[in-house]
Amino acid sequence: MAESMVVMSRFHFHLWDGADLIHDPEGAELPDMDAVRARAVQTARELLAEEISEGKLPLYMRLDVEDEGNRIVHRLNFADVVKILH
């Protein structure tokens, strides 16, 4: 029985911090857009957790995800990855 090959593509998760776009030089190899979206949410929440530990909640930040052809294939606003409870 032949094993099916999963084709992985490299995606870069660039951070827009409100003033500058901080490039992700390494990127990550992921199999599909569902994995890209999941990684973007995970990354955004991890970055927000770091900011919160310093007393900041920068919901204006975002991730721009580029594919190997330097095309933005996904954009994630940090405000979309948290639920504010009062």
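Strands are DSSP runs of type E with at least two residues, numbered from the N terminus. Strand 1 covers residues 9-16, and His-12 lies in it. The model is a predicted one: local features need pLDDT of at least 70, side-chain atom pairs count only at pLDDT 80 or more, and totals for chains, interfaces and linings use all residues. Residues are numbered from 1 along each chain as its sequence is written, and side-chain values use heavy atoms, with hydrogens and water left out.

Start with His-12. Its relative accessibility is 16%, so His-12 counts as buried. Buried means under 20% relative accessible area, exposed means over 50%, and partly exposed is in between (1.4 Å probe, protein chains only). A polar atom of the His-12 side chain lies 2.7 Å from the backbone oxygen of Asp-24. His-12 also touches other residues, among them Pro-25, Gly-27, Asp-64 and Glu-66. Contact here means heavy atoms within 4.5 Å, and this list does not count residues up to four places away in sequence.

Now move to Glu-66. This residue is found in strand 4. Glu-66 is buried, yet has no salt bridge. A salt bridge would need a side-chain nitrogen of Lys or Arg within 4 Å of a carboxyl oxygen of Asp or Glu. The nearest side chain of opposite charge, Arg-75, is 8.4 Å away. For charge, Lys and Arg count as positive and Asp and Glu as negative; His and the chain ends are not counted. The Glu-66 side chain does make a polar contact with the side chain of His-14, at 3.1 Å.

Next comes the loop between strand 4 (62-66) and strand 5, where Asn-70 is found. Asn-70 counts as exposed because its relative accessibility is 57%. Its phi is near 65 degrees, a positive value in a residue other than glycine. Most residues other than glycine have a negative phi.

Strand 5 holds Asn-77. Asn-77 has a relative accessible area of 34%, so this residue is partly exposed. Asn-77 touches Met-61 and Arg-62, not counting residues up to four places away in sequence. Asn-77 and Leu-48 are 29 residues apart in sequence and 11 Å apart in space, C-alpha to C-alpha.

Finish after strand 5 (72-77), in the segment where Ile-84 lies. Ile-84 counts as partly exposed because its relative accessibility is 46%.

Methods
Helices (H or I, at least four residues) and strands (E, at least two) are DSSP runs, numbered from the N terminus. A polar contact is a pair of N or O atoms within 3.5 Å; within protein, one must be able to donate a hydrogen and the other to accept it, and residues adjacent in sequence count only if both atoms are side-chain atoms.
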